[in-house]
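Here are my notebook entries from an afternoon with one model.

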Amino acid sequence: MIVAMQENATEEQIDAVIEALSESGVDVHRTTGAMQTILAAVGPTAGLDITKFEVLPGVLNVHRISSPYKLAGRAFRPQGTVVEFPNGATIGGPRVAIIAGPCSIENRGQIVSIARCVKAAGGCFLRGGAFKPRTSPYAFQGLGIEGLKMMHDAARENGLAVVSEVMEISQIEAMLPYVDCFQVGARNMQNFNLLRELGQVRKPVLLKRGIAATIEELLMSSEYILSGGNYQVILCERGIRTYETSTRNTMDIAAVPVLKKLTHLPVVGDPSHGTGRRDMVAPMAKAALAAGADALLVEIHPNADKSVSDAAQTLYLDQFEKLVGELRVIAQAIGRSL
Ligand code: PEP
Ligand code: MN
């Protein structure tokens, strides 16, 4: 951490800052220039609140030079993390993964036809919500464990891995036999108790970016899971809330290369929630792949318009098949496979 003092900072002010830094357990290295004094703090700075030093008299500004997320940082595993699944699928390797399914599991027929389509298209992951975080308490809340069992059966028949959202700690144990990957939704990205508990689980976690979360906040949330010893974390860009109203959310495509640079964790693009519009899903899926995403998460349904949740952003099965064909061409062009 670097503390730059103001040009007119007094010796007393500089000493007070050095003392405050030392009390925080870091070594302080002082450089006195012709105009300005610079203090370099070396040591365990990850947990320090930099504002505490910014407000001290005589301080001009404070910069971090190492990241506060030690386990999620790229330096922890420069080669990148590849998350492996029991069906042989991977996320983070050269092969781009397709994660697809309905927003909500609705009935057996629906999830079986979707599973077959995902398999036929070359996808390896079936994703559907059994516990749904809905804006309205009167909207469909999901079929719960019964729905999850249906999806698990459909996935196993087709050699697919199962991804589903967990909303609270009490659901983890009940879901464990039926999921291969726990999804943490945007609304729970900073549910720190849930994240800590998922740190104790030995199954992958797909962590979605909160609707108003910075990339650093997303990485700090992943750190909660990693610090529990669960290193199988996958991050997901699913759009953030901005002043733009043309799309449901603003899909932050730049977050993909930013994350790839900052962290070793695999990154998924979710163009369905990222745009909220069926006609925008394909272009943004292609953009996310071209930008370096390791996987794509797409909502699909045989009768998309009649989906009980997120109908407007859900692709019909033929649209999904066509999209995967186009993604395959892009994957090849950037030296990956699909
Ligand atoms: C979902 O994946 O269906 C979902 C609710 O996503 P998000 O948490 O990104 O809104
Ligand atoms: Mn959805």
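Below I go from the whole chain to single residues and their partners.

**Ground rules.** I was working with a predicted model, where local features need pLDDT of at least 70, side-chain atom pairs count only at pLDDT 80 or more, and totals for chains, interfaces and linings use all residues. Residues are numbered from 1 along each chain as its sequence is written, chains are lettered from A and ligands numbered from 1 in the order in which they are written, and side-chain values use heavy atoms, with hydrogens and water left out.

**Whole chain.** I looked up the secondary structure and found 11 helices and 14 strands in the protein chain (DSSP runs numbered from the N terminus: H or I of at least four residues for helices, E of at least two for strands). The C-alpha trace spans about 75 × 40 × 40 Å along its principal axes. I then checked burial: of the 338 residues, 51% are buried (buried is under 20% relative accessible area, exposed over 50%, partly exposed in between, with a 1.4 Å probe and protein chains only). The chain exposes about 14500 Å², and carbon and sulfur atoms supply 54% of that area (Shrake-Rupley method, 1.4 Å probe; for residues, only the protein chains shown count as cover). Among contacts between residues at least 6 apart in sequence, 67% join residues at least 24 apart (contact means heavy atoms within 4.5 Å).

**Charges.** I noted 33 positive and 34 negative side chains, with the centres of the two sets 9 Å apart. Lys and Arg count as positive, Asp and Glu as negative, while His and the chain ends are not counted; each charge is placed at NZ of Lys, CZ of Arg, CG of Asp or CD of Glu.

**Salt bridges.** My search of the whole structure gave 15 salt bridges (a side-chain nitrogen of Lys or Arg within 4 Å of a carboxyl oxygen of Asp or Glu). I opened three of them.

- Glu 11 and Arg 30 meet at 2.8 Å, N to O. Glu 11 is in helix 1 and Arg 30 in strand 2, so this pair ties together parts 19 residues apart in sequence. Glu 11 is partly exposed at 41% relative accessible area, and Arg 30 is partly exposed at 34%.
- Glu 146 and Lys 149 meet at 3.5 Å, N to O. Both are in helix 4, and because they are 3 residues apart, about one helical turn separates them.
- Arg 156 pairs with Asp 180, with the closest N and O atoms 3.0 Å apart. This pair links distant parts of the chain, 24 residues apart: Arg 156 is in helix 4, and Asp 180 is in the loop between helix 5 (169-175) and strand 10 (181-184). Is Asp 180 buried or exposed? At 6% relative accessibility, Asp 180 counts as buried, whereas Arg 156 is partly exposed at 40%.

**Single residues.** Which residues does Asn 158 touch, leaving aside its neighbours within four places in sequence? I found Ala 115, Arg 116 and Lys 119. Asn 158 sits in the loop between helix 4 (145-157) and strand 9 (161-165) and is buried at 13% relative accessible area. Thr 32, in strand 2 (residues 27-32), counts as exposed at 53% relative accessibility. Its C-alpha atom is 9.8 Å from that of Met 5, 27 residues away along the chain.
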